[in-house]
Each structure stands twice: as C-alpha cells, then as structure tokens.
Amino acid sequence: MTVYLPIAELSVNILIILGMGAAVGFLSGMFGVGGGFLITPLLIFYNIPPVVAVATGANQVVASSISGAITHFRRGTIDIKLGTVLLCGGLAGATLGVWLFSLLRRIGQLDLVISLAYVILLGTVGTLMLWESINALRRASKNETVTLRKPGQHNWIHGLPLKMRFKKSKIYLSVIPVATLGFCIGILTSVMGVGGGFIMVPAMIYLLRIPTNVVVGTSLFQIIFVSAYTVIVQATANYTVDIVLAFVLMIAGVIGAQYGVRVGQKLRGEQLRALLALLVLAVGIRLAIELVIPPKEIYSIVSAGRGF
Amino acid sequence: MRILGLIFLLGLFFAAPLATYAEPMDFTEKLDIGISTDEISITSDFRGADLTIFGAIDGFNADLLAQGKYNIVVALEGPKENTTVRKKQRVFGIWINTNSMTFELVPESYSLSSTRDIDTIAPPGGMNNMGIGVNHIPLTPIGYIGDGSNLTEFRDAFRRLRETTGVYQRDPGGVQFISSSLFKASVRLPADVPNGVHIVRAYLFRDGVFVAAKALPLRVVKTGLEQAITRAAHESPLFYGITAVLLAVVTGWLASIVFRRD
C-alpha cells in the first residue's frame, strides 16, 4: 500500500512509515524521550531526503512532546519561568540553525553535517549513558545504595552574573547558562530535527543542578515551543515540512507511545537507561559506518527544481 | 541542360547533409502525432504510467517506406532545470562532497522510444546537434569549471545516474508501425516523475536524414489533496507551517485525553 508524499515527492509504503512511527513511539514512551533522534535517521535510511526528514521530524516531536507536557502540567512539575528563559535561548538558536541549514544545503554539505552531528552526538551521549547505567547496575547487583551525585558543590556555572530566582525549582541561578543551553538545543532542533530532551535533561541535572522533579516537564515545555517554531520557520524558509508524512508518523507514534509507557513501567530505571544507551549507540554506529565505508555511488544529482 | 540538371542534383546531394539539421523545409514528409491525454495526474497511489502516442507519416515515399528506410524517435522530455552533479571523495577517512558541476537547463526526466537503436538511425553527430537520446542531450556547464578536464567525467556520471534511477530511459523498439504509415510509441513515466509541463517530441528520419518533427505538450500535475498541499506549502508557507504545528498539537492533545489514565 503506497502513499505519495507531496513534499518529499516520492511514493512510500505507508505500512513501513506506520511501523517506524509506532516503533519510535513505543521506544519514546518506554524511555520518556521525544524520539526525534530516532525518527530522523530512520527516515533517512528509508531514502526520505534528509532536508525533509529533519523538518518533518521536528513536527513529529511537537506531537509526542505535547502529551507528555500536558501530564506534567497537570502534576505541576513544569517551571514556566525557567522554561521561558530556556525558550528565549532556544528560539534564537533555532533561528540561527535554520539559517545554517539553508546555507549548508546551498553549498551541498547539509547531508554530511547532519550525519556527522548525529554520529558525534549519539556516540557521546550513548557512551556516557551506557557507562553511567552499567555502573548503576553493578552497584545495584552488589546491593550498594545507589547515590546520585550530591548536588551540594557549586561549580563555576554558579558564579556567573545575572542571577535570577526560579521559585518552582527552588534555585537561584544565572540566566546565562540556562539561555546558552536553550540556544544550543535550539540549533540542534533545527539542524537535526531532534527535540534535544536526551541532552537537555542530563545537562539540567548535572550542569545546572536543577531538581530532577521539574527537569523533564520543563524541558518538554521548551521542546514544544522550539520544535513548533522550527517547523514554522523550516516551512517558510525551505518548504521541507511534509505534512502527510508527519501526520502518519504522529498517529502511529502517539499510539505506540502508550504501549511503550506500559512496558517502561515494568523495567528498572538503570535497565531502561542501559537499553536506551545501546539503542542510541546503535543508531550512531549505523550512521558512522555510512560515512566511512566507500559509497556505492560517489556522484549525486541535485536539481534546482526539487532542491534535494 | 543535362549538365545543369546534374549539377543541380549534385548540389542537392551535397547540400542535404548540411540542411539535415536546419529546419527541414524541403521535405515532402509530414509527421503528425496525437496522445490520448494532455494531462497526467499524480494521485496518492501513483506508481508511474505508460503513455501511448499515435502518429502518422504523410507525404512519404512508398518505396522507401516499404524498404524500412523511415525511422521514428519519440522522446518525452520533462521540465528543464539547472542541475548540479556532486562528487564525493575521501577526506580524513570520511566521504565528503568535494567537487561539483552545474549543467544548464537539463530535463528532469527523459523517456525515449524509437523504431531501433537511435545510434543506428542517424550518425551520432546529428543526434548531438539535435539533442536526441540520453547520450546526446546537451549538457552545458555553467560557472567556473577549471580547465574542463573533468567535464566528461561529470557528464557520464549524470547520464549514468539518471538512467539507473529510471528517470531517463530508452526503449529501442518502443515505436512500432501498426500499418504502413501509422505508428504507435509507448513511453514510460517513472513513479517519481517531476511535475510540470513535459514535451512529447517525435522525429522522423529518412535513411539517416532528419526530415520532420512534431511536438506536443503534456502536463503532469498533482491532483486533489497532493496538489492542495504542495500549493499551500509553496504559496502560503506560514499558514502551512502553523497548520502542521496545530495538527501536531491536536494529535498530541487528543492522545493525552484518549489514553489518560490518571
């Protein structure tokens, strides 16, 4: 059963797209991540032009983050003020990102940069997570009490000026590192089509020492707006958002996520993190292999009319 | 008188190859073609299409026709765009696009059908001048190309890629005579056929000499929802982007209601 994607300008098997959406939704529900970092590479593996995959991935991230954010909003675990500061940085980053995206596309290096960025990001994050979760698993098997690093020590970040009080998070922190973090994630959102939760959450916990209970909700809050903004800017600047593809992915994704959540609740935190780390590494390695092995075809064609 | 006549004939004989590629005015043959539709619509389940073109030769020389001296080439040319070919090379262990060359206004798709292999119909020089055939489509580089030593390489790569992806195709044998002067040609439109105005061109050759041509436009359009979406994306991109976001918001919100468990 094929469906024609009007923006990607090609026919795809709708069952494969549904399967991809459901699988990524399942994993994102299970691990509590947006899934953008999985959906974009998967679409690229399935020959969707990277430019369309990135912009459409951001659209799918909006849908998958909304349901999570609503739940956190009901529970009151979103720090709107902190989220807004992150968001200001994020919007600036996304604007720069879309500009970078257009520039790279013009000089023909976009696909390379997308792949390289994924390899570096997924490789680093995957390795760190795997390391951390294996240690946690080892400690758990020795029946040692699992202690998170005590957030008592202040690092250099806490010495920066322009401090602001975030009541909900009960912290007094400079806006500079918060906005910078948002800015970096914003660039990633528009260049790579990821929400960035899998980088933002650890950064907020370990670098900014923000209490864990508000971290996920607040990062989702910012992701929704930055991804939504990215979708609109990509649509106006590059015309690369495929609404049909995005819709099919979303529907399958939100349903898959529900089952993922149920499975996720049965697994322990460290186990989940180890599995997620392996998954992240696997996607990164797959992309890395493609960069280093001699390609079957060293020439490629880009025409002005189609753009990719 | 006889000598004059001979000179005249000789003149014709020598002038013929020169006149071949100019406007074929001095030939009696006429070519007429017709297609069943002037519009191909791309629907959501479009998987390519076959287009049949009917044609007739008028004012032909019956003897030559009986000897099979007439050959027909039918080409379906897609919309033309400037097209860039990029080449990857290994840099520090990874494969990067390093060189590129842009060709001026080449067809996005090209489907050729003929009575026999076009290289046996007329000399390659002629086909080059007229730009008939995958190997003869003019590929003119634009911009700086250095000493031009890699021109052949990029042209070959372009033709090969376009043929392997199926957007350029040739069918030597796709044109068949259904009666003495009536013929039928079938050309294939690939599944990823570009939208826009395509041109069906038919060429008639008599004993290796180009004698007549005829062209008809064929529009390839997206229809229904596909067309509406593409138009919205390009003509009102802000509205389109906002719609895409709202769709995601509603989907996510509905999911949180439908699957609410707390």
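**View 1. Helices α3(A) and α8(A) of the predicted model are roughly antiparallel to each other, a term applied to angles over 145 degrees.** The axes of α3 (residues 50-75) and α8 (residues 212-237) of chain A come within 8 Å and cross at roughly 150°. Axes are lines fitted to C-alpha atoms over the stretch in contact, with angles running from 0 to 180 degrees between N-to-C directions; helices are DSSP runs (H or I) of at least four residues, and strands (E) of at least two, numbered from the N terminus. The crossing of α3(A) and α8(A) is left-handed, the near helix being turned anticlockwise from the far one by less than a right angle. Residues in contact (heavy atoms within 4.5 Å) include Ala58(A), Val62(A) and Ile66(A) of α3(A) and Leu220(A), Ile224(A) and Val231(A) of α8(A). The contact of α3(A) with α8(A) has 13 nonpolar, eight polar and no charged residues; Gly is counted as polar and Tyr as nonpolar, while Asp, Glu, Lys and Arg are charged.

This is a predicted model, in which local features need pLDDT of at least 70, side-chain atom pairs count only at pLDDT 80 or more, and totals for chains, interfaces and linings use all residues. Residues are numbered from 1 along each chain as its sequence is written, chains are lettered from A and ligands numbered from 1 in the order in which they are written, and side-chain values use heavy atoms, without hydrogens and water.

**View 2. Helices α7(A) and α8(A) pack at an angle of about 140°.** The axes of α7 (residues 197-207) and α8(A) lie 10 Å apart. The crossing of α7(A) and α8(A) is right-handed. Among the residues making the contact are Met200(A) and Met204(A) of α7(A) and Val215(A) and Gln222(A) of α8(A). By class, the contact of α7(A) with α8(A) comprises six nonpolar, five polar and no charged residues.

**View 3. The largest cavity is lined by residues of chain B, including Tyr110(B), Arg188(B) and His198(B).** A cavity is a set of points on a 1 Å grid where a 1.4 Å probe fits but cannot get out, and lining residues have an atom within 4 Å of a point. The volume, the space filled by probe spheres set on the points, is about 50 Å³ for the largest cavity. Strands β7 (110-114) and β11 (182-189) of chain B each supply at least two lining residues.

**View 4. The second largest cavity has a volume of about 40 Å³.** Its lining includes Gln60(A), Ser64(A) and Met250(A). Helices α1 (14-31), α3 and α9 (243-266) of chain A each give two or more residues to this lining.

Notes
Angles under 35 degrees count as roughly parallel, over 145 as roughly antiparallel, 65 to 115 as roughly perpendicular and the rest as oblique. On a 1 Å grid over the protein atoms alone, a cavity is a set of points where a 1.4 Å probe fits but cannot get out, and a pocket is an open set with protein on both sides within 12 Å along at least five of seven lines; lining residues have an atom within 4 Å of a point.
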